[in-house]
Amino acid sequence: MIPNSMTWAGRVLTGLFALFMLGASISPKLLGMPVAEETMAQLGWPAGYALAIGVLELVCLVLYLIPRTSLLGAMLMTGLLGGAIATQIRAESPLFSHILFGLYLGVVMWGGLWLRDPLLRTLFPFAREAAEKS
């Protein structure tokens, strides 16, 4: 894959990740939708935490989308997704559909960043041959 197409593939993955996070997680929490509080309660969270978690998710997402802070945003979002995985484990949720969903999101997020950031590709090459060619 040539670098320009890698960049565009990364932008598409980044956009899909951002749209999913905004639509499925951040918006319900920030808009105070009952489904957000109900879901948090089912997972064992006390009432009132949805807004704070939604703000935290939004801050991480904005940092991820800004090129100069994208690595920081990805690292912070990884921690947040890890917390979501831990919450799902504690709630004894199904493995592939709930517990590992944070891992799936993390792979898409990091994949998008890796594809759109040439420096990250040099730091973490998939194969030694690919690193030696660039």
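Trainee: Which helix gives the most to the lining of the largest pocket?

Mentor: In this predicted model, H4 gives the most to that lining, with 8 residues.

Trainee: And which other elements give two or more residues to it?

Mentor: Besides H4, the elements that reach two or more lining residues are helix H1 (3-30), helix H2 (34-42), H3, helix H5 (95-99) and helix H6 (101-116).

Trainee: How many residues line the largest pocket, and which lie nearest its centre?

Mentor: The lining has 29 residues, and those nearest the centre are Ser25, Lys29, Glu57, Ala84 and Gln88. By class, the lining divides into 18 nonpolar, 9 polar and 2 charged residues, while the space in the pocket comes to about 740 Å³.

Trainee: Switching to helix packing, at what angle do H3 and H4 pack?

Mentor: Helix H3 (residues 50-65) and helix H4 (residues 70-90) pack at an angle of about 145 degrees, their axes lying 6 Å apart, and the crossing is left-handed.

Trainee: Which residues meet there?

Mentor: From H3 come Leu56, Glu57, Cys60, Leu61, Leu63 and Tyr64, which meet Ser70, Leu72, Gly73, Ala74, Leu76, Met77 and Leu80 in H4. Sorted by class, this contact has 10 nonpolar, 2 polar and 1 charged residues.

Trainee: What about Gly79, where does that lie?

Mentor: Gly79 lies in helix H4, and its C-alpha atom is separated by 9.8 Å from that of Gly106, a residue 27 residues apart from it along the chain.

Trainee: Why is Gly79 classed as partly exposed?

Mentor: Gly79 is classed that way because its relative accessible area is 48%, and partly exposed covers the range between the buried limit of under 20% and the exposed limit of over 50%.

Note on methods:
Residues are numbered from 1 along each chain as its sequence is written. This is a predicted model: local features need pLDDT of at least 70, side-chain atom pairs count only at pLDDT 80 or more; totals for chains, interfaces and linings use all residues. Side-chain values use heavy atoms; hydrogens and water are left out. Axes are lines fitted to C-alpha atoms, for helices over the stretch in contact, and angles run from 0 to 180 degrees between N-to-C directions. Helices (H or I, at least four residues) and strands (E, at least two) are DSSP runs, numbered from the N terminus. A crossing is left-handed if the near helix is turned anticlockwise from the far one by less than a right angle, and right-handed if clockwise. Contact means heavy atoms within 4.5 Å. Ala, Val, Leu, Ile, Met, Phe, Trp, Tyr, Cys and Pro count as nonpolar, Asp, Glu, Lys and Arg as charged, and the others, Gly among them, as polar. On a 1 Å grid over the protein atoms alone, a cavity is a set of points where a 1.4 Å probe fits but cannot get out, and a pocket is an open set with protein on both sides within 12 Å along at least five of seven lines; lining residues have an atom within 4 Å of a point. Grid points are joined across faces, edges and corners, and a volume is the space filled by probe spheres set on the points. Buried means under 20% relative accessible area, exposed over 50%, partly exposed in between (1.4 Å probe, protein chains only).
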